[in-house]
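Let us walk through this structure one part at a time. Keep the sequence and the 3D view side by side as you read.

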Amino acid sequence: MNFDPSHSKRSFSSVGTRPIRPDGVDKVTGRARYGADFNMPGQLVGRILRSPHAHAIIRKIDTSKAAQLPGVKAVLTAADLPDLTNGDAAMYDILDNCMARKKALYDGHAVAAVAAIDARTAKQALKLIEVEYELLPHVTDVDQAFAPDAPLINDTIFTTGVDPKPDRPSNVSMRSQFGHGDVDAGMARADFVVERTFKTEQTHQGYIEPHACVANVCSDGTADLWVCTQGHFVYRQHCAELLGMDASKLRVTSSEIGGGFGGKTHVWAEPVALALSRKAGRPVKLVMTRDEVFRASGPTSATSIDVKIGALKDGTIIAADATLRYSCGPYAGAWAEVGAMTAFACYKLENVRTVGYEVLVNRPKTAAYRAPSAPMAAFAVESAIDELAKKVGMDPVDFRIRNAAQEGTKASYGPVYGPIGIGPTLEAVKNHPHMKAPLGKNQGRGMACGFWFNFGGQTCTDLNIGIDGTVSLAVGTVDVGGSRASLSLVAAEELGIDYSQVRTVIADTSTLGYNDMTDGSRGTFSSSMATISAARNAIKILRERAAQMWDIPVEDVTWEKGHAVAKGETHGNLPKLSLKEIAAASGTTGGPIAGHSEIVADGAGVSFATHICDIEVDPETGATKVLRYTVVQDAGKAVHPTYVEGQYQGGAAQGIGWALNEEYIYGKDGRLQNAGFLDYRIPVCSDLPMIDTQILEIPNPNHPYGVRGVGETSIVPPLAAVANAVSNAVGVRMLHIPMSPPRILAALEA
Amino acid sequence: MRYIRPSSLEDAIGLLVEASGKAAILAGGSDLLVRMKGGFIEPELIIDIKAIDALRHITESEDGFVIGAAVPCAVLGENAALRRAWPGVVEGANLIGSKQVQGRCTIVGNLCNASPAADSVPALVAAGAKALIRGPAGSRTIAVEMVPVGPGKTSLAPGEIIEAILLDKRQPRSGDAYQRFTPRTEMDIAVVSAAVNLTLDDQGVVQSARVALGAVAPTVLLVEEAAEILTGSRVDDKTLDRLAAACSGACRSIDDKRGTVEFRRKVAGVLAKRVALAAYQRAGQK
């Protein structure tokens, strides 16, 4: 790759504008094809049988009656899938989660599957499958699972990251630690200390579209999978590896996506659909119900976090310490580790230590959820910071400004920051009219900061110029949050043509090189970098073709505003050639014109945000109403500002829901009590005010346009911002999320 | 599974008798379809009563209102006379689900679904509404609170259909009100709810009252002690405090995913006070 990704100042003509989205018409007219909208001739309906038990040995599965039911074309259990017991442990866990091999590890764990000619038959067949369970004691609470006498979920788990290695297994799969300085010495010097324990309940991403796919495995060993996913290349890799297929023989096409937020970065039912299709010899469509999505996809961790922060009289934080316990479902994970990395990332700290514990519980496998693990850590830390500011006697914004990380600060998780946005977002909040607006009775205001790393990763992009001079851009990062519009803008910017001349599509896995999935806020960051690189490669060819048409040396041809320009006095009188003219002549100047790019997009700039929330609490019922909400976040460079604002608002909306009402509720029997949107309460439109946004642009030095990822940071501050607002409204520190009305009322009466 | 859309109530009852317990009645479907989709019930026959013209109207007479079993809740909200006479009943019906759901769902369906948290039932109970029931043995009329006997269970005999809900003609200086507690503003289900219906004498003193609580017992509760506290009062602060205590005390609630025993007890009292005041103000304006 001969491409310099570093940022240089420039003026933009397309980037930064707000054209209408290219996927808009299809979506509002119902023509967009989502996961469940793909169909094939002769397709069967796949359904999965799930464990009603939180923890049980599977003694025996008798599928004979189901197999004999007319209309049933395949019945599947783990016995039909490759046994990865002696292979890669991570792959074993993924497959075991898709279809339990020895034990059912949570309510909803898949134990068998059928493919039948229609949904009714498939449903009937599931009832005919006889599973013999031997019930085991279960544990669903993170603190109870952490306790030494807890029921053991996996006897091969010995805590890693501790020395010496423990001599007996436990539910703690890993301990991680970050920080620098001497925390104990620092704390001893503190004039004020806040020490608190916080708890957050498990939440689901709550995407509107359930997981859905159509799998078609042909007898010649080739296969197709149409699926709703955030990363079709990753799905291909995982499915092929799990089922013993050649990756290149499996073509995966991603559908439009009705939300993912991290939940569609993992395979759930897709390997099962492929295995059913392989067994039945017919295409199989598998669509999860909402109940299945809640019980058996990948919600985020429940957490329990201890925080201790000390400050000097002058407002300097002298020491910061946190211990974070995150549930990771019944398999080893690395979620507390991320929480431990992000917890204090907003601050410049001499002495800081965070310790994370990954805790196995009998709940569905934890998956990524928008800035995974960061919101809970921020809730704990930003709540404690707020309380500490009060103790010191400083305004919470000023206190944070005093301690904010800057360029050159060594982050609590290791690296040294480049130019960053935490200080500027705090200054913007300090000067925001929202901070000065008056509050009424029973109302409170809270603010909080948040951090997210952002990610780059492997990216492959093709830019093809048609004979008519219009441009097709094929990318491999699934468009979750509007990247097709943004990437069309970037291609138009680089080539110097109009946005309307570019169409961006998401290519399938057989037509592009490998792409990492759309996670880590990487879609627009990495694919725009690859698009700039591809466009520059295309421009090089366009210049060559123009030089050929003019019969002058290519070094004398420059590219300006969509045209080849002959430079220098010798060629000064040649009229410039447009992209259209060069494209029209391409058949006689060497054939099609295209630019390709294969990169690892390094240098994703870290992202910071500060949020403000006003809330009113009914002291008699504990009911809350969010009155006003403001998001201030650094975008690096907002390619399509409307989409950026949408990301800010969306993250805030999800965070508010998490803060106030969303939670997985388990019964004593270890079963999920609220596997539906009636009792898993995400906010509806009328629950939220218009969320105001302010975009700051502190360029990322590692991207040609200065772009940073914007998708995730917005969900990091809300838990804390809302909790600080409620605490200020009622005068009691809220320690448990969600702050549902019964919890608020109980806190008021405690 | 069969689907039939009879055009007369007699036909519907005939089909219901014939199916001997394996049929379900479809009006709005906002409970039935959800229960079918969730796999809780698998009826062999669906009897859609929306084509029965007699069930599709709200009629007002000398005796009061007759609300047909197939009238969607949204239509209750559009009926000015009903809204004027029984605002509490209408506000209960217009809190169910969302605007879209209200365009389908019916108060009879809400009653027969027999959820203790049904939004339209407490106000109907407070209003002293009656259910007109038709069955193979003819017609009978019972108080609405006699219809549900426990969660998901009604007192209807095999082959019986509720034809209409009957509301008395409104007395002067009367008012009713309903409020529920939900964490969300809509698309939610009552954690606790309360309805009060009262009539004042010409001095502004409560002459008669009925108080009902939802979601605090296996069925909607008619709290007679609370009604006695209101009767003879001007709904002053002291009365309201006693009312709240009586309502909290009447709760036979459970801890579940929607709320705790303690929360329901407390909020039942809070809501009772709020609806009593609202009903009192409405009564005073007439």
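Start with helix H10 of chain A, residues 335-342. Eight of its eight residues are buried, so the helix is largely enclosed by the rest of the structure. Bear in mind that this is a predicted model. The buried residues of H10(A) begin with Trp335(A), Ala336(A), Glu337(A) and Val338(A), and go on with Gly339(A), Ala340(A), Met341(A) and Thr342(A). What do the buried residues of H10(A) pack against? Three of the partners are strands E7 (172-180), E14 (317-327) and E15 (352-359) of chain A. Helix H11 (374-392) and strand E16 (443-452) of chain A complete the list.

Now step back to the domains of chain A. Domain 1 is made of two segments, 24-32 and 456-601. Domain 2 takes in 35-136, 210-257 and 264-296. Domain 3 covers 303-454 and 605-749. The centres of domain 1 and domain 2 of chain A, taken over C-alpha atoms, are 39 Å apart. Their contact draws 14 residues from domain 1 of chain A and 14 residues from domain 2 of chain A. On the domain 1 side, six of these residues are nonpolar, five are polar and three are charged.

Next, look at a pair of helices in chain A. Helix H3 spans residues 89-98 and helix H7 spans residues 232-243. Their axes come within 10 Å and cross at roughly 90°. Angles of 65 to 115 degrees count as roughly perpendicular, and H3(A) and H7(A) are therefore roughly perpendicular to each other. Which residues meet where these helices touch? H3(A) brings Met91(A), Ile94(A) and Leu95(A). H7(A) answers with His238(A), Glu241(A) and Leu242(A). By class, this contact has four nonpolar residues, one polar and one charged.

From here, cross over to chain B. In the contact between the chains, 17 residues of chain A meet 16 residues of chain B. The chain A side has seven nonpolar, six polar and four charged residues.

Within chain B, find the open sheet. Five strands build it, in the order E4-E5-E10-E6-E7, with antiparallel pairing. Strand E4 (58-61) and strand E7 (138-143) of chain B stand at the edges. Each has a single partner strand, so one side of each is left without a neighbour in the sheet. From one strand to the next, the twist averages 25°. Inside the sheet, strand E6 (residues 130-135) and strand E10 (residues 161-168) of chain B are joined by five bridges. Here Ala131(B) stands opposite Ile165(B) in E10(B). Helix H1 of chain B, residues 9-18, lies across E6 and E10 of chain B. H1(B) runs at about 130° to E10(B).

Finish with the domains of chain B. The assignment gives domain 1 as 56-168 and domain 2 as 190-284. Their centres, taken over C-alpha atoms, are separated by 21 Å. In the contact, 19 residues of domain 1 of chain B meet 19 residues of domain 2 of chain B. Helix H5 (87-93), helix H8 (121-127) and strand E8 (148-150) of chain B each supply at least two residues of the domain 1 side. H8(B) gives the most to that side, with six residues. By class, the domain 1 side has 13 nonpolar, four polar and two charged residues.

Terms used
Residues are numbered from 1 along each chain as its sequence is written. Chains are lettered from A and ligands numbered from 1 in the order in which they are written. This is a predicted model: local features need pLDDT of at least 70, side-chain atom pairs count only at pLDDT 80 or more; totals for chains, interfaces and linings use all residues. Two strands pair if DSSP finds at least two bridges between them. Helices (H or I, at least four residues) and strands (E, at least two) are DSSP runs, numbered from the N terminus. Axes are lines fitted to C-alpha atoms, for helices over the stretch in contact, and angles run from 0 to 180 degrees between N-to-C directions. Two residues are in contact if their C-beta atoms, placed from the backbone, lie within 7 Å. Domain bounds come from an automatic or database domain assignment. Ala, Val, Leu, Ile, Met, Phe, Trp, Tyr, Cys and Pro count as nonpolar, Asp, Glu, Lys and Arg as charged, and the others, Gly among them, as polar. Angles under 35 degrees count as roughly parallel, over 145 as roughly antiparallel, 65 to 115 as roughly perpendicular and the rest as oblique. A residue is buried if 20 or more other C-beta atoms lie within 10 Å of its own, exposed if 12 or fewer, and partly exposed in between; C-beta atoms are placed from the backbone.
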